[in-house]
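Here is a short note for a colleague who is new to this structure. Please keep the model open while reading.

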Amino acid sequence: MGSVFQINEVTKEKSGIERLTLTDFRNYPFLRFEPHFGPVVITGENGSGKTNILEAISFLTPGRGLRGAKLSDIKRITPALQTEDQIVVNKPFSWAVNACILKNGETYELATAAQKNLHEDEEENRTFERRIVQIDNEKVSTQAELGKYFSAIWVTPSMDRIFTGGPQPRRSFLDRIVYTFDLEHAKRTAVFEHLYKEWYRLLKSGKADNMWLSTIEEQMAQTGVAIAAARREVVARLNTFITNDPDDVFPDLSLNLNGKIEQLLDTKPAIDVEDEYLSLLYQGRKKVSNGESVEGVNHTDFEVYYKTKQMPANLCSTGEQKSLLLSIILAQTKCQILDKGFAPVLLLDEVTTHLDDQKRDALLSKICDLNLQAFITSTEPQNFKTIEKQTQFFSIKNAHIKEK
Ligand SMILES: Nc1ncnc2c1ncn2[C@@H]1O[C@H](COP(=O)(O)OP(=O)(O)O)[C@@H](O)[C@H]1O
Ligand SMILES: [Mg+2]
């Protein structure tokens with residue numbers, strides 16, 4: 001734990017949420033609360049809205065939040081009989097999250113909302129939604145701007161299965177880690193996804209124009225190599241950190257990128273890898289038409305290896321997998337504090353599931369040591385006895401929150 005001193009030098013200046021307000025967000029018509037800057041435990045029955053609060057906070061970062069939700073699913077669905085608010089107001093936003101945050105002791109106002117826009121070519125009231133972001137009451141053009149002021153790292157129950165099954169969730173997990181180090185990465189991955197869809201659609205349509213395909217392929221190769229390079233940098237950074245500063249409770253591990261483009265960057269300069277990617281895509285045209293997949297950064301796997309046990313993560317027990325995940329999260333949190341100079345907020349949804357008592361208590365005490373804000377949901381408040389003094393407890397009932 002050699003870095004704790006350096007970390008505490010950063011975290012003595014508070015970063016996180018001072019006041020959070022939700023409007024028409026999931027099960028909340030209106031919710032406002034003021035958490036403190038330490039562990040914040042949120043309890044309540046199943047379905048009371050604990051995860052919804054963490055999801056709202058996750059929308060203060062770029063992307064689709066911790067559920068990867070569709071914007072239209074988030075607006076509060078009102079019971080059929082209570083239609084008054086639909087009649088009375090025509091709000092410009094279908095839902096909103098507002099937060100007064102601190103970054104190293106300085107205050108900022110962040111806001112995000114789904115804005116209703118009218119389809120231009122429609123006379124009827126058909127609308128589509130877009131997520132807009134404001135910082136200190138000024139609209140900003142990209143969600144990536146949020147990353148300059150606020151950062152959140154989350155662990156959700158669906159991540160308990162991240163090491164088993166296909167690579168897609170692991171790749172997204174990695175890309176989210178990369179965003180927090182490199183704000184441009186969110187834009188890159190979105191651009192690549194868009195280009196790939198367009199390329200695929202053109203090839204499938206059978207009406208693709210050669211010039212147009214080449215233009216898209218060039219942009220894909222360029223963006224793809226930038227994605228691979230950013231992933232490599234962050235994985236190397238985390239591996240070095242874990243080797244030099246291993247955790248005393250959570251498993252030691254090594255991280256590996258298994259992807260064609262990332263591996264090519266081991267042996268060649270980026271400019272040559274771009275050329276190679278371009279020819280892969282050119283050859284891939286036929287593959288797409290035949291329904292085969294084409295190698296590239298959208299197939300990369302993020303592999304985790306439990307060093308002491310000499311075991312790949314997918315063969316570890318459920319509890320071990322959870323501990324490996326938390327090892328990565330702890331390393332990411334510490335690296336990020338050291339690199340960015342401000343603390344992220346942790347969003348830990350039912351995080352104690354699958355952990356034995358010793359690991360659970362160790363995790364909680366590490367969160368206290370890091371001296372940052374952590375929102376932890378649980379149905380069992382007795383799990384937090386060991387950190388009771390440092391913790392603020394809230395309970396949720398009927399879409400209202402109350403400090404205990
Ligand atoms: N758009 C929505 N409008 C109203 N309620 C919603 C919406 N989306 C989800 N919910 C409800 O939110 C409730 C709480 O969800 P959640 O936060 O996941 O609960 P938990 O406390 O178990 O984590 C669920 O009962 C769900 O039906
Ligand atoms: Mg939940």
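Predicted model: local features only at pLDDT ≥ 70, side-chain atom pairs only at ≥ 80, totals over all residues.

The points below go through the domains, the sheets, the ligand shell and a helix pair.

1. **Domains.** The protein is divided into two parts: domain 1 covers 11–162 + 340–404, and domain 2 covers 164–315. Their centres, taken over C-alpha atoms, are 29 Å apart. The contact between them draws 11 residues from domain 1 and 11 residues from domain 2. On the domain 1 side, the touching residues are 5 nonpolar, 4 polar and 2 charged.

2. Take strand β1 (residues 16–25) and strand β4 (residues 93–103). They pair in the antiparallel sense, and 7 bridges connect them. One residue pair to look up is Ile-17 with its bridge partner Ile-101 in β4.

3. Keep α2 in view for the next point.

4. **The shell around ligand 1.** Which helix gives the most to this shell? It is α2, with 3 residues. Both α2 (50–58) and α3 (71–74) supply at least two residues each. The shell counts 15 residues around ligand 1, and the nearest are Gly-47, Lys-50, Thr-51, Asn-52 and Ile-77. By class, the shell has 2 nonpolar, 8 polar and 5 charged residues.

5. **The three-stranded sheet.** Another open sheet has 3 strands in the order β9-β10-β11, again with antiparallel pairing. Here β9 (253–258) and β11 (311–312) stand at the edges. Each has a single partner strand, so one side of each is left without a neighbour in the sheet. Strand β9 is joined to strand β10 (residues 301–306) by 6 bridges, and the two run antiparallel. Within this pair, Leu-253 stands opposite Tyr-306 in β10.

6. **Two packed helices.** A helix pair is described by the angle between the axes and the distance between them. For helix α7 (residues 210–244) and helix α8 (residues 260–267), the angle is about 75° and the axes are 9 Å apart. That angle makes α7 roughly perpendicular to α8. From α7, the contact uses Gly-224, Val-225, Ala-228, Ala-229, Arg-231 and Arg-232. From α8, the contact uses Ile-261, Glu-262 and Leu-265. By class, this contact has 5 nonpolar, 1 polar and 3 charged residues.

7. **A hairpin.** Strand β14 (residues 392–397) and strand β15 (residues 400–403) run antiparallel and are joined by 4 bridges. They form a hairpin with 2 residues between them. Lys-397 has His-400 in β15 as its bridge partner. What is the phi of Asn-398 in the turn? The phi of Asn-398 is positive, at about 45°.

Technical notes: Residues numbered from 1 in each chain as written. Chains lettered and ligands numbered in written order. Axes fitted to C-alpha atoms, helices over the stretch in contact; angles between N-to-C directions. Parallel < 35°, antiparallel > 145°, perpendicular 65-115°, else oblique. Contact = placed C-beta atoms within 7 Å. Nonpolar A, V, L, I, M, F, W, Y, C, P; charged D, E, K, R; others polar. Pairing = 2+ DSSP bridges. Domains from an automatic or database assignment. Near = placed C-beta within 6 Å.
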